[in-house]
Amino acid sequence: MMDLLNRYLYQIEKNLPRKEREEIINELKSSLLDQIDHLVEQGFNKDEAQLKVIKESGHPIDVAYSYRSDTPLIRRDLSPIMLTIMKIISIVLPIVLIISKTVSLVFSDTTYSTAGLFEEILLLIPSIINALLISFGSVFLAFIITSKYLTTELTSHLGDFNPKLLPKKPPKKLKVSLFESIITVIGGLIFIYIINIQSHVIAIYFDSSSVPLLNDNFQKILPFLNISILFNIVIHLFYLYNRRKNLIFITLELIQMIFSGVVIILIASLDIIDVSSLEIYDLGFINNMFIVGMYIGGIGTIIGGIIKYAKIMIQIPDLEELKTLSK
Amino acid sequence: MHEINEIENIMKNMRLELRKGTLVLSVLSQLNNKHYGYSLVTTLNDIGLKIDQNTLYPLLRRLDKQGLLDSTWEIIEPRPRKYYSLSALGIEVYEKLKIEYLNNHFIMTKLIKEVK
């Protein structure tokens, strides 16, 4: 029942200076509970009282900004928009840079070893940081200028706020599925072993003889596949060690999933199956099936990763609450 | 003839400014006794000074930081509350501010009467 109050306090907390958060929130919570008690004594039921007190207390951003003595460079009605834009940039920009680099490496003439490729990706980090700094700086400047010269207050969204639509508090501790992580690590290691050292077992077996299925193009994509799987293994090793997920690793997981999605799509487009050996047995259709399957798998991995991430990040209010609102 | 809205707008701002200066004094005046945030809101409200928590709490924090108030968390049922009262420095400042205000009040009264 105190869920709504906690959600409200969380939205205030997010906009307070970090050092003072705990103290201010404790005091506010104590006071809001006092007010709720006061209304309950007057005959309100608890839920009504809570809603009324939150509404009267005002929009979370207004409350948070009342604790600021300095004049902020970014206007209070603009700052949540700016923060959202910066969050999106900090996720999308690295992903776009990594993917474009990967694609350009795959289609370059040189064939990279796994270590060489790893080095290429490490070298990408400074340019990612550089790009992030430039984008953050530009966004910040744009918002300072907008704050200065935009005269219309965007207060309409601050003025009448609906407490029931307050976003959920994101869970601090996200549980790790031990089973999933162990399977991922072991499966990943086995897969790496097979594709790197025993790739000849991926073959067509017929009458005690076998014809290798993969051609030389596979060697070109192999390092990318290795890195994608190693990346995933590292993430899950961290989960096994730490026993809980945190925001950084959830974001890394998103980047990993998009990266492996791209690698899978590249596999589909590179003709890695030796079609001539398939045609001996009149099995040419397997190649087509494989390609279609890989495209679907790659796109599915990317979409799945984004949905998984969005589900954790965007705390959409319960459908139930939305229903009661529309009545 | 001026629009009523226009007058009301101007008055709103002036009332706010007039109040701003006296708000600290009003709060200090009540903190000879220990108060927690909500009890101070209700006390001031009962006397006739409407003040909302988003104005009062930041003000209390500011005065606390300046050393004019002593604050302690006390755990009394049903919940912990942060209590404020005047510190030694606060008492001194309050006495001086009070004299300032009474002096201003005296001059203002005279000025307003002269105009009449």
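What span should the 26 residues of helix α9 (residues 217-242) of chain A have at 1.5 Å a residue, and how far apart are its end C-alpha atoms? I looked this up in what is a predicted model, and found that α9(A) should span 38 Å and that its end C-alpha atoms are 38 Å apart, which agrees.

I then followed the axis of the helix and noted a kink of about 30 degrees in α9(A), centred on Pro223(A). Past the end of the helix I came to Arg243(A), which follows α9(A) and has a positive phi, near 65 degrees.

Next I turned to helix α3 (residues 46-57) of chain A, whose 12 residues reach 16 Å from the first C-alpha to the last, close to the 16 Å expected at 1.5 Å a residue. I listed its buried residues as Gln50(A), Val53(A), Ile54(A) and Ser57(A). Viewed down the axis of α3(A), these buried residues fall within an arc of 95 degrees, so they line one face of the helix. I checked what they pack against, and found α1 (3-14), α2 (21-41) and α4 (60-65) of chain A, together with α3 (53-65) of chain B. Just after α3(A), I recorded a positive phi of about 105 degrees at Gly58(A).

Last, I looked at the contact between the chains, which takes 14 residues from chain A and 13 residues from chain B. On the side of chain A that touches chain B, the elements giving two or more residues are α2 and α4 of chain A, and α2(A) gives the most, with seven residues. I sorted the residues of that side of chain A into four nonpolar, seven polar and three charged.

Notes. Residues numbered from 1 in each chain as written. Chains lettered and ligands numbered in written order. Predicted model: local features only at pLDDT ≥ 70, side-chain atom pairs only at ≥ 80, totals over all residues. Helix = DSSP H or I, 4+ residues; strand = E, 2+ residues; numbered from the N terminus. Expected span 1.5 Å × (residues − 1). Buried ≥ 20, exposed ≤ 12 C-beta atoms within 10 Å, placed from the backbone. Arc of directions from axis to C-beta. Contact = placed C-beta atoms within 7 Å. Nonpolar A, V, L, I, M, F, W, Y, C, P; charged D, E, K, R; others polar. Bend = angle between axes of the 7 residues up to and from the residue.
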